[in-house]
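Work through the exercises below with the sequence and the model open side by side. Each task is followed by a stepwise solution.

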Amino acid sequence: MVSSGRDKICIVWDLRSHQALRTIPVFESVEAAVLLPEELAPQLGVKSTGLHFLTAGNQGVLRVWEAASGQCVHTQQPLSGPGRELTHCALVRAAGLLLSVTADHNLLLYEAHSLKLQKQFAGYSEEVLDVRFLGPEDSHIVVASNSPCLKVFELQTSACQILHGHTDIVLALDVFRKGWLFASCAKDQSIRVWRMNKAGEVTCVAQGSGHTHSVGTVCCSRLKETFLVTGSQDCTVKLWPIPKVLLSKSIAPDSGPVLLQAQATQRCHDKDINSVAVAPNDKLLATGSQDRTAKLWALPQCQLLGVFSGHRRGLWCVQFSPMDQVLATASADGTVKLWALQDISCLKTFEGHDASVLKVAFVSRGTQLLSSGSDGLVKLWTIKNNECVRTLDAHQDKVWGLHCSQLDDRALTGASDSCVILWKDVTEMEQAEELAKREEQVVKQQELDNLLQEKRYLRALGLAISLDRPHTVLTVIQAIRRDPEAFEKLEATVLRLRRDQKEALLRFCVTWNTNSRHCHEAQAVLSVLLRHEAPEELLAYEGVRASLEALLPYTERHFQRLSRTLQAATFLDFLWHNMKLPTLPAAPSAL
C-alpha cells in the first residue's frame, strides 16, 4: 500500500507486517496517489515490473515514482498559470484512462500509458465576463470567466479546450471577421492573440504589453485582420498592428508567440475606459468611459472628432451600427442611446432596464438592438418605433457577455450566475407556425360551414369543440336550434359526444350563460345533460363544481327576468280582456 499526504512524503507499507517499507520525499503537498499496473510503460519511465505509483499535488503536474528506489522516473510537462494545482486523481484501468481534477474545477482526462491529454471538461465557470463565437461558421465559442484561463467549447459536442497564458483574470475578448483569430486582454496588463486551426485546436500566436493598469476592453479591426485596439484603466487607448507573419499559414505551431508593439497611444478619458469599438470601415474608433461620455476618434492617428454627452452615469458599452452612421451607447443609468455620427446628436433613447445596461449589439441588419443588463435581462428593441419587442429572462445575475453570430441567427450571453446561454432567432419559425395555424383555421372553418350546410351537426359540433372556440360552438348550437326538429336534433347530437367534448361544452355553457342573448342555448344544452346524464356521471366531469357555481347565479337571474316578463305579459293580457271599446259608428251607405 502507498499512503500520501500534505507532509510532502509518500510511504510504502507492507500490509502483512503493517510496517513502513520505505519513505519517499516527493517535495510537494500530495492530494492523490495512484498505484500503476505492474507492467512496462516506457513513455512513463516504467522500465521494470516493480511497484510504481503516480502523485498529483500542488505543483500541478503528474509524476511517476519507482517505489523500490524512491526515484521520480517521469514528470509531466508543467503548464504556467494559477489554478493548476491538482486536487484529485483516479485511474480507470478498464478504459486505460487517468482522470485528474484541478483547483479551478477542471477535469483532465489522460491516456494512462503516455499521459497524453485526451479530453478536458470545464466544471465551473464562476463569473462569466465575456463570450464570443469562433470559427467561420460560428462552430465554437470562447468564454472568459473569473479566471486567467480561457475556455473554448465546440457547440456541437461541448468538447472543451482550456487555454493558459494570462497570469490574471481575463476581462474581455473580441474576434476578427473570419473567425480564426481572436484577442483577449486581462488584469495582468497584457493582451494576447490566439488562433484556431481547422481541427478546432487553439494556440497563442502573439502577445503584447504596455498598459500600466488592467486592460478592460479590446476590439479587432473589421475589414481585414490588420490591427486591434485596447482600452485600459490607465485612461489610454493603444493601437496594435497585427504582424503579417501571423496571417501566413506557414507559421510553425511551436515557434512561440510573436511580440506585439503598440503603434499609437492616446489618453482619451479622465476615468476608466470600459469599451472601445472600431467602425465597419476601420476608419473610426469610439470609446466609452466611466466619465459619462463617449468619444469619436479618427484612425490610425487617434484624432478627436466629437464627444457624446448625455448619459447621467458611466458608459459600459459602445457599438457602431453595421449599416448606418450611428453609434449605440449603453450606460449605468439604465438607458441605451443612439447617436448620429455626422452631427454628434442624440437620435433615440431606449428606456426599459431597471439597472445598468452592460452590453448592446445591433442585430437584424441594424434594424434592432439587443441589450443586456445588471438586472439579468436581455431585451430586444426595434429601433424604428423604440419598442421593446421581447424580454428574455434566463439569467439570475449581471449579463456581462453578449455576442451575435455572423448570420444574425444566434446570440450568446454569459453572466455572473456562471451560465452561458445560446439563443436562436425563431422569428421566421414563429411566423411560419402562425401562417400554418391561420391556414389550418381557414380550412377547418370552411369544413365547418360545409357540415352545417349539409346538416351534419354531430361532426360540426365535434369540429367546433376541437377548435376550442366557444363562439363557433355557439354558432353550431344556434344552427341546430333553427332546425324544425330542434329539440330532438340537439338531444341526439349532444348525447353522442365523447365525455371530454361534453366537459368542454359545459365550460362553454358557463361563458354563454353570462349573456342574456345566448343564455337560451346554454340552458338548452344544460337541459339535455341534466335529463340524460346521471348525477354521479355529471359530478365526475372535470371542473364541474366550478362550472355549477358559475352557472347558478346567472341562471337564477335569467329566471327572475323571465318571471318579470311573464308577469308583465299576463297583466297586458288581463288589460286587453277587460278593456271596453266603444262601438264604432256605422259607415254611411253609398248612394
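This is a predicted model: local features need pLDDT of at least 70, side-chain atom pairs count only at pLDDT 80 or more; totals for chains, interfaces and linings use all residues.

**Exercise 1.** Determine how Arg132 and Asp174 interact, and where each sits in the chain.

*Solution.* 
- Step 1: Check the side chains. Their N to O distance is 3.2 Å. The cut-off for a salt bridge is 4 Å, so the pair qualifies.
- Step 2: Place the residues. Arg132 is in strand E12 (residues 128–134), and Asp174 is in strand E16 (residues 170–175). They are 42 residues apart, so the bridge links distant parts of the chain.

**Exercise 2.** Which salt bridge does Asp174 form with Arg222, and which network holds the two residues?

*Solution.* 
- Step 1: Take the closest N and O atoms of Asp174 and Arg222. They are 3.4 Å apart, in a salt bridge.
- Step 2: Locate Arg222. It lies in the loop between strand E20 (215–220) and strand E21 (227–232), 48 residues from Asp174.
- Step 3: Read its accessibility. At 25%, Arg222 is partly exposed.
- Step 4: Join the pieces. Asp130, Arg132, Asp174 and Arg222 are linked in a network of salt bridges.

**Exercise 3.** Are Glu533 and Lys502 buried or exposed, and which parts does their salt bridge tie together?

*Solution.* 
- Step 1: Find the contact. The closest N and O atoms are 2.8 Å apart.
- Step 2: Glu533 is in the loop between helix H7 (519–532) and helix H8 (535–539), while Lys502 is in helix H6 (residues 499–513). The pair therefore ties together parts 31 residues apart in sequence.
- Step 3: Both residues are buried.

Notes. Residues are numbered from 1 along each chain as its sequence is written. Side-chain values use heavy atoms; hydrogens and water are left out. A salt bridge is a side-chain nitrogen of Lys or Arg within 4 Å of a carboxyl oxygen of Asp or Glu. Helices (H or I, at least four residues) and strands (E, at least two) are DSSP runs, numbered from the N terminus. Buried means under 20% relative accessible area, exposed over 50%, partly exposed in between (1.4 Å probe, protein chains only).
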